[in-house]
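Grab a pencil and open the 3D view.

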Amino acid sequence: MEVIVTRERPGQPAEASGSPGYFLEQERLLALQALDILDTEPEPEFDELVEQAARLCGTPVACLSFLDETRQWLKAQTGSWLPEIPRDQSLCARTLLANDLLLLDPESAPALFAATPLTYHDTPVAAYAGYPLRTGEGYAVGVLSVSDVARREFSPEQQQFLRLLAQQASQALELRLARRARLAAEASVQRKQAFLAAMSHEIRTPIHGIMGLSRLLQESFITPQQEENLAIITSTAENLLSVINDILDFSKVELGKMELERVPFDVEATVRDATRSVQHMAQKKGIGLQTIVKSPAGLPTIEGDPLRLRQILLNLLTNALKFTEEGQITVSVEVQHQDAALVHLEFCVDDTGIGISMDKAEEIFRAFDQATSSTARRYGGTGLGLAICRSLIELQGGRIWLEARPGQGSCFRFSLAYPTSAARPYAEAVLPPLAPGLLQGLRVLLAEDNPVNKLLATSLLHTWGVEVAIATDGQQALDLARRHPYDLILMDIQMPLLTGLEATASLRATPNPNQQTPIIALTANAMPAEVQTFSQHGFTDFLIKPYHEADLYRLLVRTAGRTEAAPDLPQPTYDFSQLGRLAHDEGFIRKMQQLFLDTVPGQLQELKRAVGHGQWTTAAQLIHSLKSTYGSMQMEEAIRCLKRLEQALQPPVTATPPLISLLELLGAITSRTVELFTQHLRAPAPEQMVATPGPRHEQHRRHTAGF
């Protein structure tokens, strides 16, 4: 019988700790551990292999075994019923040291055959053939073997069968490792998503309270110092929120879940809009900001994702503003070349900041890296902005690079190719003005466990004339909804006792007064995987924290189907009594009303344009002029709006949404006043221009404006 003999013999002393053989055995054991195959349930794939080995080799016994430090574990077997064999009594232990098929009989290894417990119907085996099972790295972790109770020779064909079957088993082990690696990677992704979801919720929830309450305070009557402090609080919260958004965006890119739109859009308008968004930040630092379009014929309409292009430009612009103390930032775009299908554009954001050394040109595009260790300490940031830019650009088939001038500034360039389009450019839907009073009398159940967010939501709802019932956990929300009908339910997702998902599922599944009531999910989790499932859980819509009060208002109006203002709204008044004797002059009053119609609506439109373009000085001048006009008529509601606008324009101006809300309210008051004055002026003028006070003229001294 052919015997492949190895240098090591069973029963030899174990390798000394620290010897090469010892370290090799430790690596082999780690490879075996990675398979997670010891002491596991039978697997059909391996059972079929040993049955084929016994049949093809004509033996009564076949085993597929794995060997650890002390034993041979029989994973699959036929003709034998031993779960394990001590390693020092194992024929397979000898096979681990062979590079090829190992054939043994009692003459070649008498001590082993005398000690082995391997039998067939209590008859000791007398012939053995085994082939080592190896991992992809070459570690022998197991053996496929056949045994016979009679002495015999194994034919070359049988030896080849066993060799091929053992190689097949080794391939199965590699597939097992690949499956385990895939499952481990998927579990890691799930853990990462769960962590990001938890982080998003835990950080966004308090940010929502901070930003919301700060906005409420900014709209109240406060001192300039308080206004400045609130602006700092709001700015800090927005910076923290941008960090969270960067991390979530980077995670989506990493996981391959970043989706791109493809719509026709005006690239020049997108570039100018991105630049305009940071105009107030540049003005605050005294830095010049300009946009240059290097295309005499103009830029064509293209197809792509305008929101992602805007995000790239904003990241580069805020990065430039962070590192630029004086000078200028220039944003440019030009057509590199154009063919029948594509236009190749090159964008550039050039600044006069601290600059970056070219040996750091690659590092800065890696996640969480910054040019030097002192950069994060001095300027802050996570180091994700440029990494996200590169990921978004490469996702669209483009590239980004740095042209640096250390100490003189930096120039970030990126190129993108877009298909041209003959369609009209995509335009974001313009939100209609917030018509006041649309939620008057709405009955809402608010389920919110966070005290700050509960205070913020109830303050807003009460301001809008909403009747609010409050639940501080999911079970209480469920109990209230089962007893009382509501027009709408605002349901926080993360709550004690019952989550918002569980409470909503229960309401939808069982008969109750609110089984069909619209339910809006309030969540601080911005992960798309979760919010996309809300409709499946019975929610009508959702709102991600932190949200602006205008977003909540519009969502409530749309969900509740409120399209017309309630008729019983409070009616603010105007009063001409400050005009003295002229307050009783019908002709003069009519002139005042006509002057209001001729000037105020136009001034209000100019004010809206100034706020929209960040022209704060012009806006302040218009507010001052309007205060005089509204003040002469003692229109208290309008005056309060103007005072709050004036306070909101105190530098630094950090956000425009509060200004827009105030302007919408002021516009509604003005529109109603215009309607009333127009109606009055259409009536025939009295013959006598000067009159004595009386009931007929007293109406001009104090009259409702119809708002």
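**Exercise 1.** Find the residues of the largest nonpolar core that touch the most other members.

*Solution.* Start with what to look for: a nonpolar core is a set of buried Ala, Val, Leu, Ile, Met, Phe, Trp, Tyr and Cys residues joined through side-chain atoms within 4.5 Å, and buried means under 20% relative accessible area with a 1.4 Å probe, protein chains only. The core has 39 residues, and Val-267, Leu-309, Leu-316, Phe-347 and Phe-414 touch the most other members. Next, see where the core comes from: among the elements giving two or more residues are α7 (267–277), β13 (342–351) and β15 (409–419). The biggest giver is α9, with 7 residues. (Helices are DSSP runs of H or I with at least four residues, strands are runs of E with at least two, numbered from the N terminus.) Now zoom in on Leu-309: leaving out residues up to four places away in sequence, its contacts include Phe-265, Thr-270 and Tyr-418, where contact means heavy atoms within 4.5 Å.

A word on the ground rules: this is a predicted model, where local features need pLDDT of at least 70, side-chain atom pairs count only at pLDDT 80 or more, and totals for chains, interfaces and linings use all residues. Residues are numbered from 1 along each chain as its sequence is written, and side-chain values use heavy atoms, with hydrogens and water left out.

**Exercise 2.** Work out which strands stand at the edges of the 6-strand open sheet.

*Solution.* First write down the order, β3-β2-β1-β8-β7-β4, with antiparallel pairing; two strands pair if DSSP finds at least two bridges between them. Then check the ends: β3 (84–86) and β4 (102–104) each have a single partner strand, so one side of each has no neighbour in the sheet. Finally, follow β4 to its partner: 3 bridges join β4 to β7 (residues 127–134), and Leu-103 sits opposite Ala-129 in β7.

**Exercise 3.** Is Asn-514 buried or exposed?

*Solution.* Locate Asn-514 first, in the loop between α14 (500–509) and β19 (519–523). Its relative accessibility is 0%, so Asn-514 counts as buried.

**Exercise 4.** What is the average pLDDT of the protein chain?

*Solution.* Recall that pLDDT is the predictor's confidence in each residue, from 0 to 100. The chain averages 80, and 81% of the residues score at least 70. Now look at residues 688–707, where pLDDT stays under 50.

Conventions
Buried means under 20% relative accessible area, exposed over 50%, partly exposed in between (1.4 Å probe, protein chains only).
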